[in-house]
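Please open the model in your viewer and keep the selection tool at hand.

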Amino acid sequence: MGPKSPVYEYLRYKKKFPTVWCPGCGIGTVMGAIIRAVMSLGYEKNDVVMVSGIGCSSRMPVYVDFNTLHTTHGRAIAFATGIKLVKPHLKVIVVTGDGDGLAIGGNHFIHAARRNIDLTHILINNSIYGMTGGQYSPTTPVGAFAYTAPYGNIEPDFDVVKLGIAAGASFVARTTVYHVVQMGKIIEKALKHKGYSLVDVISQCPVLYGRLNKMKSPVEMLRWQKEHTVDVRVTAKRSPEELKGKYIVGIFKDEPDMPEYVTEYQKLIDSLKEGATKR
Amino acid sequence: MQDKGKPTLIQGNIACGYGALAAGCSFFAGYPITPSTEIAEFMARELPKRGGKFIQMEDEMGSLAAVIGASIAGAKAMTATSGPGFSLMQEHLGFAYMTETPVVVVNVMRGGPSTGLPTMTSQSDTLQAGFGPHGDYCAVVFAPSSVQEVFEYTVKAFNAAEFLQTPVVLLMDETLAHMRERFVHPPADSIEVINRKEPEMPFAWFKRFEMTPDCISNFSAFGDGYRYHITGLTHDQMGFPTAVSREVTDGLEKLRDKILNHKERFTYYEKFMTDDANWLIVAFGTAARSAKQAVIEARRHRMKVGLLQLCTIWPFPDELIAELSRNIEGIVVAEMNMGQLIREVKRACPRKLPILGANRYDGVLITPDEIIHSLKVVHGNKER
C-alpha cells in the first residue's frame, strides 16, 4: 500500500506520521479498517467526527483527516454525546481503549448504551494500559501478568459484549485484529447502524502485554488471537470444553428498530411545536 | 415565557435560565444537585420548546464534557452545579481552558468542603472558581448579587465566553438562587448578545488556534467544513500536540493574554457612596447586599463608608482596588467564607492600610451588623 492508496486521502500522513504506536501494535490496523469502512460507505470527511479519550488508541484522531477531538481520560463518549445532540447528521465515531472505555469511562459507556444514542464505539481491547507502561486493565484475564499484577492478576475481567448488551446497546459485536476482513465488515455495519454500536476489537500489545505473558512477537500474539477465537455462528456446535478460554467473535446483537435517543429527542421537540400550534 | 417588560417575582435560579435563553443558549447538560437543580429543571422544560436540547447526564464530569462537545459542534452551552459537582468538573474546566471552548458553568455555592452544608448559603468556592483546575490559565468569573443581576450576568457570562473563547464561571450562592425577588425581563432588542468569531478564509489557510494580535482566534464548529484537531495536550496553532519549547510557551501565554488583553472590557463592578468615603467595604454576591445596608447604617452614624461591589471576581481587578484605596483609611472585606478574597484585596492594595475581614461561614447570610462591627474594629473605635 503506497501513498497512492485511497486510504491516504483520509490520513494526515504528510503532517503527522510516523505514529506514536510501537512496532507490532494492533491499533494502526484498526485505524485502517475504520478508514476503509468510511470510504466504502462514501461518507464525506466533513461529516465524520472522531472522538477519543486518553491512551494509546486515543491518539488515533491525530492521524485521520476528519473533525477530530482528543479529550480527557474515559470521557470521550460524554463529549461525543454533546456533539451528536447538536449536529445529528454527523457520523460520530468514538475510539477508546479497554482501560479508558471500561474503567475510568465505564459509567459513560453504560449510560450512552442505555440511551442508545447513535454513536459508533470502537473499543480497542489489548488487556493492558499501554501508554503508562503496562498495568492491568478491566479486561486483563485472571492469571495474566502486568506491572501492577506482578504475581498474576486476581481480578475477574469484563466481558465487553455481555456488558454492552445488558446496558442496552442496539449493535454489539466482537472481532480481532487478526480477523482483519471481518473487522472491516463489522465496523462498516456498526457505522451504518442507527443507535449505539459497540465493537470490541481484541488487539495486541506485544511490547508490554506480550512480553509479560510469554508472547514475545506480534506474530505470536496474532496467532493467539486466531487460536483463541470461535465464530458466534458455530458456538452452538461446540462443547463447553471446546469453548473454554475462547473469545467468541461476530455480531451478537443487531436491532436497528430500537428507539434511538437523538431521534426520540427530535420527536419530543416536534410534538411540542405541534402542541403550540394546536393551542 | 416571561412577559418582557412586566415585573414578576422569581427565583435567582429561574432568572439564570432566562438569562441563558436570552443569550442564545441552546444546550444544557447537567446532573441534579441542590441548590442549583431549578436551573436544570427550567432548561429541561424550556429548551425543547425552542428546538434546543437538554440532557441529564450520568455525573458532573459527563455533564461538562457534553456541554464542551455541544459547544464544539456550534451551540451555546451551559451547565449548573454546586460545590461537590463543581469539584468533579475541574478536569473538564481545564480542558475547556486548554482547548479555548466557550462554555458557561454556573456554581451555586453551598458550604463545603465535601458534602458540607446542603444546602445553606456560602461563598467558599471563590478561590476554587479562579484556580480549580491544575495548570496555568486565566479564569473569568462573574458574581451577581440580585435576581435581576443574575439575568444580566448570565447574559454577560455567555458573551464573555463567546468573545474570549473560554469557560466562564457564574458564581451564585444559595441565598441568591432561592430568593424570590422583583424581576423585569428586558426587551430582547435591548440585550447585547455576542457570538464567537468565525473564519472566513479558505480551509487551507485556517488555523484554529492562530496567534492574532489580540490573541482571539477563529472558531469553526465541527461539521462546518474546516476539519481540524482539538486536544487537551499542549498544541500548536493548528491544534496538533507539541512539546516544542517556543510553541508551548506561546500557547500558554495566549491563554493568559487573551483574557488580560480584554480585562477592562469584562471587569464589572458597582460603586456605592465611594466618592467621599474614607472607609471602604469590598464585597460580592449576597454579602454585598448586607454590605450596602451596612454602608447606609454607618453613614447614619456619620461614618464615611463606601461599598465596592465586585461583579467580576477573576481576573481580580487589581487596578480598581488601587484606584479606590487612594483616599481610604481602612478596608473591610465582607465574605461568607474564612477569608478568601481578602488575600487578593491585600495583595492589590498598594498602600499599607488596615484591612480586616467580616466573615461568616455557618451557612447563614452575613448581616449588616457583623460588617459594621468589623468596620468599627478597623476604625479603632471599639465600643466594648
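Select N116(A): with 24 C-beta neighbours inside 10 Å, this residue counts as buried (20 or more other C-beta atoms within 10 Å of its own; 12 or fewer make a residue exposed, values in between partly exposed; C-beta atoms are placed from the backbone). N116(A) is not a glycine, yet has a positive phi of about 55 degrees. Its place is the loop between α5 (106-115) and β4 (120-125) of chain A; helices (H or I, at least four residues) and strands (E, at least two) are DSSP runs, numbered from the N terminus.

The model is predicted: local features need pLDDT of at least 70 and side-chain atom pairs count only at pLDDT 80 or more, while totals for chains, interfaces and linings use all residues. Residues are numbered from 1 along each chain as its sequence is written, and chains are lettered from A and ligands numbered from 1 in the order in which they are written.

Next, select E100(B), which has a positive phi of about 55 degrees although it is not a glycine. E100(B) lies in the loop between α5 and β5 (103-111) of chain B. Is E100(B) buried or exposed? E100(B) is buried, with 23 other C-beta atoms within 10 Å.

Two peptide bonds of chain B follow. Most residues other than glycine have a negative phi, and most peptide bonds are trans. The bond from T34(B) to P35(B) is cis, with omega near 5 degrees, and P35(B) is found in the loop between β2 and α2 (37-46) of chain B. P118(B) and T119(B) are also joined by a cis peptide bond, with omega about -5 degrees; T119(B) lies in strand β6 (residues 117-121) of chain B.

Return to chain A and select strand β7 (residues 171-176). Because 6 of its 6 residues are buried, β7(A) is largely enclosed by the rest of the structure. On one side F171(A), A173(A) and T175(A) are buried, and on the other V172(A), R174(A) and T176(A).

Strand β8 (residues 197-202) of chain A runs parallel to β7(A), joined by 6 bridges, and A173(A) stands opposite V199(A). Strand β10 (residues 247-254) of chain A pairs with β7(A) in the antiparallel sense over 4 bridges, where G250(A) is the bridge partner of R174(A).

Now display both chains. The contact takes 36 residues from chain B and 33 residues from chain A (two residues are in contact if their C-beta atoms, placed from the backbone, lie within 7 Å). On the side of chain B that touches chain A, α3(B) gives the largest share, 9 residues. Select β10(B) together with strand β2 (residues 67-70) of chain A: these run parallel and are joined by 3 bridges. There, I230(B) is the bridge partner of L69(A).

Last, select V49(A), I83(A) and I281(B), the residues with the most contacts inside the largest nonpolar core, which has 192 residues (a set of buried Ala, Val, Leu, Ile, Met, Phe, Trp, Tyr and Cys residues joined through C-beta atoms within 7 Å). Helix α7 (residues 147-164) of chain B supplies the largest share of this core, 10 residues. Leaving aside neighbours within four places in sequence, I281(B) has contacts that include A291(B), V305(B), L307(B) and I371(B).

Notes
Two strands pair if DSSP finds at least two bridges between them.
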